[in-house]
Amino acid sequence: MVASAGMNPSAATPGPPLWLLLELTYRCPLHCVFCYNPVEFAQTQDEMTTADWLRVLREARELGAVQLGLSGGEPMVRDDLEEITAAAHKLGYYINLITSGVGLNETRIRALKDAGLDHIQLSFQDSTREMNDFLSHTKTFELKQKVARLIKEHDYPMVLNCVIHRLNIDHLDTIIGMAEQLGADYLELANTQYYSWAFVNRDQLLPSRAQLEAAERTTRVWREKLGRRMRIFFVVPDYYETRPKRCMNGWGSTFLAVTPDGTALPCHTAKMLPGLTFPNARASSMREIWFESDAFNRFRGTGWMKEPCASCDEREKDLGGCRCQAYLIANDPAVADPVCDKSPFHDRIIAAGSRAQTASTEVKPLVFRDPASSRALAPGLAGRGAAGE
Amino acid sequence: MSAVAATSKPAIGGGFRLQWEPAQKAHVLLYPEGMVQLNQSAGEILRRCDGARTLAEIVADLEQSFARSGLTDDVIAFVKMAMERGWLQVPE
């Protein structure tokens, strides 16, 4: 959502990394089936220290980073969260805490306010206890309601985020109603993007086109009713599009994420891409990472493109779409995002959509994001340290 | 929406933060997970909207600072637009 007026992602010198996301930990009490954390997250044991994170904050701020996300995993499991927040506030960041709410009690919400936290984004999985608790594999529904009230009592702007998919999209009316009742300032209805755990569970999560169209109608009705009282963002699922999204506003153009072990990434999920060695914040400065590293330069601008992107008159608009989707669907991170109907692999997107039109009776079980599933999905890598090291 | 008068004292809206960003050479408005990069005139108006100065005082200050006259209509039009977007609020 960061505006970037005046920035040209294909310019020779990239602009600043305006959006800095710190994934402070992969530890999380929830086990959401659509989590974008890498499926092999359980291999990451060594999280960066407080001092490491404070250095990242200083260096990125010098480059011009201003929007800061504190996320994970569940960032509340870090007991230095207040210290990190205070340091970020002194540096001038606008600080967004992205949390499941677990661990956010009266004492800590007050301490975070004193430290300078600007805003809290609270996730919900659905509007009912049964579905929320099923999808997160935890008993957290009532806790989240309580945390939402705490956020309001302490006068934070509140964004509620609900990841939307086949199993909850038909409940949109009650989800929006719940957000209104809780006093949300913004509601993000984020249709699942199919990477990582969501890709593993894609056949169970992708809604049908009819479900999606009904959801869009419901959202329109509520928007008219709510006006400015609560803004609703509806993030579209790109599997039903024919042109790709301008992913992350362009590779290495706006967004910089640092994962728990210090790996620096130009998008949340890029670590999965083969043939790239991502720099690590323990070994390199943010300046070296952003401007000089091979990984951040690899897909910047349009010079890397092959056909059909290279000669496409829309290449500056969507910048070829998403590299992770190109890899997941077409097995090559340097081809056009297969969402584009000019891609020779677009039929694979259509096939996934076609399967979603009928409710299958033979649905395989959902895979929940937990350390045991992680080790099962990535057994060949078990015990290895951070990628790229 | 409340009306805008010469005696109105506009202030930055709740949930927004205005600050100068050297890397962007611009004032920006920050809000949950978002940012608006302001052009020079928008930045100059908004940074004077501190909830203490009246609209008339803000216009006078702008006219003096930039050696211009007749800015009232432009400033009021901008303030109205900014109020619609929640960037500014005028206490009743």
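This is a predicted model: local features need pLDDT of at least 70, side-chain atom pairs count only at pLDDT 80 or more; totals for chains, interfaces and linings use all residues.
Me: What makes chain B as compact as a globular protein of its length?

Reply: Chain B holds 3 helices and 5 strands, arranged from the N terminus on as β-β-β-β-α-α-α-β. The globule rule gives 12 Å for 92 residues, and the radius of gyration of chain B is 13 Å, close to that value, so chain B is as compact as a globular protein of that length. Its C-alpha trace spans about 35 × 30 × 20 Å along the principal axes. Among contacts in chain B with a separation of 6 or more, 53% join residues 24 or more positions apart.

Me: What share of the residues in chain B is called buried?

Reply: A residue is buried if 20 or more other C-beta atoms lie within 10 Å of its own. Of the 92 residues in chain B, 27% are buried.

Me: Why is helix 13 of chain A called largely enclosed?

Reply: Helix 13 comprises residues 323–330 of chain A, and 7 of these 8 residues are buried, so the helix is largely enclosed by the rest of the structure. The buried residues are R323(A), C324(A), Q325(A), A326(A), Y327(A), L328(A) and I329(A). They pack against helix 7 (196–200) and helix 14 (346–357) of chain A. Just after helix 13 of chain A, N331(A) takes a positive phi of about 65°.

Me: How do you know that the buried residues of helix 6 of chain A lie on the same side?

Reply: In this helix (residues 172–182), the buried residues are L172(A), I175(A), I176(A), M178(A), A179(A) and L182(A). They cover an arc of only 155° around the axis, which puts them on the same side of helix 6 of chain A. In general, an α-helix has 3.6 residues a turn, so residues three or four places apart point the same way.

Me: What covers the buried residues of helix 6 of chain A?

Reply: The cover includes helix 5 (141–153), strand 5 (158–164), strand 6 (186–191), helix 9 (209–226) and strand 7 (231–235) of chain A. Just after helix 6 of chain A, G183(A) takes a positive phi of about 85°.

Me: Which residues touch the most other members of the largest nonpolar core?

Reply: Among the 129 residues of this core, they are L70(A), M158(A), L160(A), A179(A) and A184(A). Leaving aside residues up to four places away in sequence, L160(A) touches L122(A), F124(A), A179(A), L182(A), A184(A) and L187(A).

Me: How many residues of chain A are in contact with chain B?

Reply: Contact requires C-beta atoms within 7 Å. There are 20 such residues in chain A, in contact with 15 residues of chain B. On the chain A side, 12 are nonpolar, 6 polar and 2 charged.

Notes: Residues are numbered from 1 along each chain as its sequence is written. Chains are lettered from A and ligands numbered from 1 in the order in which they are written. Two residues are in contact if their C-beta atoms, placed from the backbone, lie within 7 Å. Ala, Val, Leu, Ile, Met, Phe, Trp, Tyr, Cys and Pro count as nonpolar, Asp, Glu, Lys and Arg as charged, and the others, Gly among them, as polar. A nonpolar core is a set of buried Ala, Val, Leu, Ile, Met, Phe, Trp, Tyr and Cys residues joined through C-beta atoms within 7 Å. A residue is buried if 20 or more other C-beta atoms lie within 10 Å of its own, exposed if 12 or fewer, and partly exposed in between; C-beta atoms are placed from the backbone. Helices (H or I, at least four residues) and strands (E, at least two) are DSSP runs, numbered from the N terminus. The radius of gyration is taken over C-alpha atoms; the globule rule is 2.2 Å times the number of residues to the power 0.38. The arc is that of the directions from the helix axis to the C-beta atoms.
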